[in-house]
Amino acid sequence: MFEDNVSSVRWHSDVSYELQPPSYTFLSILESPESGGDTTFADSIEAYRRLSPSFQEFISGLHVIHSSIEQADTSKRNGGIQRRSPVTHVHPLVREHPVLKTKSLYLNQGFGRRIVELKKPESDAILNFLFNLVNNAHDLQLRASWEPGTVTIWDNRRVNHSAVIDWEVQSPR
């Protein structure tokens, strides 16, 4: 886990690279470590609301490339199987929640590659600013603690999430 990384935190929205990403995710834990292994969630509607009106206007027409190619390549290098060909799709950076009718950021640090309308250094600067907002604004976040039998349901159209790998001994989760 930490051979090439200094943190286990990987904020994401599930399979954002799909043409029609899932609305909801259900997760149930059958086994968990004695302590730790929580999941954190960050609200992308509130993250968008905290941006200045000028910045909201600037990013509202931008689009981000989301791709599963790197994930598939890493899995293959590590001896995993490829169930299907990797895909790449473009999604708006700001989208309207279809039920709540409010704008939110559609970010995914794991699968979001770049903003189509900007040069790469500009895209990197904007995406890194927004990733840092979601990753580091603890007042946007909720932490779910697990024990066997726990079930969570979350709205991928509104939140990003990350597992917290904070146990010492390898444990099923």
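A patch here is a group of residues that each have over 30% relative accessible area and no salt bridge; like charges are joined within 9 Å, and nonpolar side chains (Val, Leu, Ile, Met, Phe, Trp, Tyr) within 5 Å. Accessible areas come from the Shrake-Rupley method with a 1.4 Å probe, and for residues only the protein chains shown count as cover.

This is a predicted model, in which local features need pLDDT of at least 70 and side-chain atom pairs count only at pLDDT 80 or more, while totals for chains, interfaces and linings use all residues. Residues are numbered from 1 along each chain as its sequence is written, and side-chain values use heavy atoms, with hydrogens and water left out.

## A nonpolar patch and strand β1

Let us start on the outside. Tyr24, Phe26, Val151 and Ile153 make up a nonpolar patch on the surface, and together they have about 460 Å² of accessible area. Two elements, β1 (24–28) and β9 (151–155), each give two or more residues to this patch. Helices (H or I, at least four residues) and strands (E, at least two) are DSSP runs, numbered from the N terminus.

How accessible is a residue? Buried means under 20% relative accessible area, exposed means over 50%, and partly exposed is in between, with a 1.4 Å probe and protein chains only. Phe26 lies in strand β1 and is exposed, with a relative accessible area of 59%. Thr25 also lies in strand β1, but Thr25 is buried, at 14%.

What does Thr25 touch? Contact means heavy atoms within 4.5 Å. Leaving aside neighbours within four places in sequence, Thr25 is in contact with Asp14, Thr152, Ile153, Trp154 and Asn156. With Asn156, the side chain of Thr25 makes a polar contact of 2.6 Å. A polar contact is a pair of N or O atoms within 3.5 Å; within protein, one must be able to donate a hydrogen and the other to accept it, and residues adjacent in sequence count only if both atoms are side-chain atoms.

## A buried asparagine

Now for a residue in a loop. Asn108 lies between β6 (103–105) and β7 (112–115), and this residue counts as buried because its relative accessibility is 1%. The side chain of Asn108 reaches the backbone oxygen of Ser13 at 2.7 Å and the backbone nitrogen of Gly110 at 3.0 Å. Not counting residues up to four places away in sequence, Asn108 touches Trp11, His12, Ser13, Ser16, His66 and Phe131.

Why is strand β2 (residues 39–43) described as largely enclosed by the rest of the structure? Five of its five residues are buried, so the rest of the structure largely encloses β2. In a regular strand the side chains alternate between the two faces of the sheet. In β2, Thr39, Phe41 and Asp43 point one way, Thr40 and Ala42 point the other way, and all are buried.

Two strands pair if DSSP finds at least two bridges between them. Four bridges join β2 to strand β8 (residues 141–144), and these strands run antiparallel; here Ala42 stands opposite Gln141. Five bridges join β2 to strand β10 (residues 159–163), again antiparallel, and Phe41 stands opposite His161 in β10.

## Salt bridges

Side chains of opposite charge can pair when their charged atoms come close. A salt bridge is a side-chain nitrogen of Lys or Arg within 4 Å of a carboxyl oxygen of Asp or Glu. A search of the whole structure finds nine salt bridges, including these:

| Salt bridge | Closest N and O atoms |
|---|---|
| Arg143 and Asp38 | 2.7 Å |
| Arg49 and Glu46 | 3.8 Å |
| Glu70 and Arg113 | 2.9 Å |

Glu70 lies in helix α3 (residues 69–77) and Arg113 in strand β7, so this pair ties together parts that are 43 residues apart in sequence. Glu70 is partly exposed at 38% relative accessibility, and Arg113 is partly exposed at 24%. Salt bridges that share partners also join Glu46, Arg49, Arg50 and Asp139 into one network. Arg49 counts as partly exposed at 48% relative accessibility, and Glu46 is partly exposed at 25%.

The remaining pair in the table brings in β8 again. Arg143 forms a salt bridge with Asp38, linking strand β8 to the loop between β1 and β2, with the two residues 105 apart. Arg143 is partly exposed, at 47%, whereas Asp38 counts as buried, at 11%.
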